[in-house]
Amino acid sequence: ADPPAAEASGGFGASGSNGITAAAVPDYSSAASGTAKAGPPATGGWSLFGGKKKAEPPGAAAAPVVEGPPPMDLAQREAVAMESKRLGSEVHRLFNGGKYADALSVAEQQLRLLGESYGHGHHEYATAMNNVATLYQAVGRYDEAEPLLETASKIQQRTLGYDHPHTVASLSNLATVYEAMGQAERAKAMQSLVAQMKRTWEEKERKKK
């Protein structure tokens, strides 16, 4: 699929981002049972994650904490956005060429740039984290992809909204990881949640028209 319009973050499967669309992540919404709860957990976390807590990679553990971005003037912010866009385009090119290891290296560079520039609680950082996790999926590093997607979705839930397409994209990727890891029940539950989130988002968008 062709990449959507450019955004500084460059996300996989997240609409409005400069990256690979959900081509690498199956859309399970049609098969979901729709049994998930209607709203986010009161704690602000994801009750469907469950399972044994895994150690998160450096930078990811601090991500759920809201951190203000370091002071930057307009020129600096524009420079960061341009560099992030360039890196996102390079990730896209390498991914489409099947060069997953090279794409992962560039995606990790983009993640570091956005973390250092915007802080670990920013939605751009979360989308870049989703990029890295998606590439971990592509090379079979599911144990490393899982905590990144969980963290990214929590940041996106807080900063963009519970059912925002970027949040949904990260959770859809997470469902794919669960399935690849042989965790069928967790995958099914997450697929159901994703389907319901898509429906609530679409309903809100219809009401705006």
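The following conversation asks how the descriptions of this predicted model are reached.

Student: How many helices and strands does the protein chain have, and what makes a run count as one?

Tutor: The protein chain has six helices and zero strands, and its pattern along the sequence is α-α-α-α-α-α. Helices are DSSP runs of H or I with at least four residues, strands are runs of E with at least two, and both are numbered from the N terminus.

Student: Why is Ala107 called buried?

Tutor: Buried means under 20% relative accessible area, exposed means over 50%, and partly exposed lies in between, using a 1.4 Å probe and protein chains only. Ala107 has 0% relative accessibility, and therefore it counts as buried. Ala107 is found in helix α2, which covers residues 100-118. By the same cut-offs, 45% of the 209 residues of the protein chain count as buried.

Student: Which residues does Ala107 contact, leaving aside its neighbours within four places in sequence?

Tutor: Contact means heavy atoms within 4.5 Å, and with those neighbours left aside Ala107 is in contact with Val91, Val132 and Leu135. Ala107 and Glu90 are 17 residues apart in sequence, and their C-alpha atoms are 8.7 Å apart in space. Across the protein chain, among contacts with a separation of 6 or more, 70% are between residues 24 or more positions apart.

Student: Is Ser170 buried or exposed, and what does it touch?

Tutor: Ser170 has a relative accessible area of 0%, so it is buried, and it lies in helix α5. Not counting residues up to four places away in sequence, Ser170 touches Asn130, Leu149, Ala152, Ser153 and Gln156.

Student: What makes Arg186 and Glu146 a salt bridge?

Tutor: A salt bridge is a side-chain nitrogen of Lys or Arg within 4 Å of a carboxyl oxygen of Asp or Glu, and the side chains of Arg186 and Glu146 meet at 3.5 Å, N to O. Arg186 lies in helix α6 (residues 184-208) and Glu146 in helix α4 (residues 142-159), so the pair ties together parts that are 40 residues apart in sequence. Arg186 is buried, and so is Glu146.

Student: How many salt bridges does a search of the whole structure find?

Tutor: The search finds seven salt bridges. One of them joins Arg206 and Glu203 at 2.5 Å, N to O, two residues that both lie in helix α6, three residues apart, or about one turn of the helix. Arg206, at 49% relative accessibility, counts as partly exposed, and Glu203, at 33%, also counts as partly exposed.

Student: How do you know whether Glu205 and Lys208 are buried, partly exposed or exposed?

Tutor: Glu205 has 27% relative accessibility and therefore counts as partly exposed, whereas Lys208 has 63% and therefore counts as exposed. Glu205 forms a salt bridge with Lys208, their closest N and O atoms being 3.0 Å apart.

Student: What makes a set of residues a nonpolar core, and which residues have the most contacts inside the largest one?

Tutor: A nonpolar core is a set of buried Ala, Val, Leu, Ile, Met, Phe, Trp, Tyr and Cys residues joined through side-chain atoms within 4.5 Å. The largest has 38 residues, and those with the most contacts inside it are Val132, Leu135, Leu171 and Met190. The elements that give two or more residues to this core are α1 (74-96), α2, α3 (123-138), α4, α5 (165-180) and α6.

Notes:
Residues are numbered from 1 along each chain as its sequence is written. This is a predicted model: local features need pLDDT of at least 70, side-chain atom pairs count only at pLDDT 80 or more; totals for chains, interfaces and linings use all residues. Side-chain values use heavy atoms; hydrogens and water are left out.
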